[in-house]
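Please open the structure in a viewer and keep the selection tool at hand.

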Amino acid sequence: MIRSLLYVPASSERFVAKAAERGADAIVLDLEDAVAPSEKAAARAKLKETVPAVAKNGAAVFVRINAEPERLRADAEAAVAAGAFGLFVPKSRDPKALVQLGQWLEPLEKNRKPIVFAPMIEDPGAVLDARAIATSTPRVFAMLTGGEDLATALNADPTPEVLTFPKLLVHYAAKAAGVLSWGLLRTVADYSDLAAIEAAVKQARSHGIDGATCVHPAVVPILNKGFSPSPDEIAHAQRLVAAYDKAQAAGLGAVEFEGKMIDEPVAQRARALLKRA
């Protein structure tokens, strides 16, 4: 279960040094937007040190690579060599490009599990092609939408009203493909309003989204708590499953439970929550 993913500039020794202590389920070492062009090569070269450093407390490590052809392959190969779990692939548009990226990396993976991909959907065409991207290769592990880049491509403001619809389309594509779906239905750039973030986490989870990225460590506890089943939810699910199993044993397909009628889909959701817990 990956509830929280903290972006960390791969070029910043200060942020890298503290990343493992932040409590995030995953760390995203950023070689793209958070790193100045003049520092990108050096940040890439340091991945062999920074990947194990941020993973020391058990966090999964992703590397956000650059989308430019002159950097993409070198970034990905360095991430594989450093032992990263996955790649954030920005500006993903073409399913064939993800297949080709995987083929490039295969010769480097003889002594490790294949690295997984989290395609970032960041323009209108990619939103409409999200299902094809999600199913392009078994390496696709999760999907997410880059809200700021998408808003720029739309010539729009990155408000929740603008981002909700395209982000949900990408979410549906992820669920249809059976991969994880990450992200809040808002921008991650505005991290100061923690109450609004808490409300956005509740909203995202109600849609079935699995977790979200953040750019500030203060958001990590909110994501971890919000995307985890609460004790009350766990207890309710346990009672519901017990009542439904008893009803089925008595030959009933549906049963009244705590003022509501429950049937198989409701029981499936309760079992899924207990599995997640």
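Which residues do ring pairs link into a cluster? Select Y7, F62, F85, F88, F141 and W182, which are joined in this way. Please note that the model is predicted.

**First stop: the aromatic rings**

Across the whole structure, a search finds 8 aromatic pairs. Begin with F62 and F85: their ring centres are 5.5 Å apart and their planes stand at 90°, so the pair is edge-to-face. Pairs count as edge-to-face when the planes are over 60 degrees apart. This pair links distant parts of the chain, since F62 lies in strand 3 (residues 60–64) and F85 in the loop between helix 4 (69–82) and strand 4 (86–89), 23 residues apart.

**Second stop: helix 8**

Select helix 8 (147–154). Within helix 8, G147, L150 and A151 are buried. Viewed down the axis of helix 8, its buried residues fall within an arc of 100°, so they line one face of the helix. An α-helix has 3.6 residues a turn, so residues three or four places apart point the same way. Against which elements do the buried residues of helix 8 pack? Show helix 6 (124–128), strand 6 and helix 9, which are their packing partners.

Now display the largest pocket, with a volume of about 880 Å³. Its lining comprises 25 residues, and those closest to the centre are R205, E233, R269, A270 and L273. Helix 10 (194–206), helix 12 (231–249), strand 10 (260–262) and helix 13 (264–276) are the elements that give two or more residues to this lining. Which element gives the most? Colour helix 13, which contributes 7 residues. By class, the lining of the largest pocket has 12 nonpolar, 3 polar and 10 charged residues.

Of the 37 residues in its lining, select Y7, R64, V188, T213 and V215, the closest to its centre. Elements giving two or more residues to this lining include strand 1 (4–9), helix 1 (13–19) and helix 8. Strand 1 gives the most, with 4 residues. The lining of the second largest pocket divides into 19 nonpolar, 9 polar and 9 charged residues.

How many cavities of 30 Å³ or more does the structure hold? There is 1. The largest cavity has a volume of about 60 Å³. Select V188, I197, T213, C214 and V219, which lie nearest its centre among the 13 lining residues. By class, the lining of the largest cavity has 8 nonpolar, 3 polar and 2 charged residues.

How values were computed. Residues numbered from 1 in each chain as written. Predicted model: local features only at pLDDT ≥ 70, side-chain atom pairs only at ≥ 80, totals over all residues. Heavy atoms only, no water. 1 Å grid on protein atoms, 1.4 Å probe; cavity = no way out; pocket = protein on both sides within 12 Å on 5 of 7 lines; lining within 4 Å. Points joined across faces, edges and corners; volume = space filled by probe spheres on them. Nonpolar A, V, L, I, M, F, W, Y, C, P; charged D, E, K, R; others polar. Buried < 20%, exposed > 50% of the residue type's maximum accessible area, 1.4 Å probe, protein only. Arc of directions from axis to C-beta. Contact = heavy atoms within 4.5 Å. Phe/Tyr/Trp six-rings, centres within 6.5 Å; stacked < 30°, edge-to-face > 60°.
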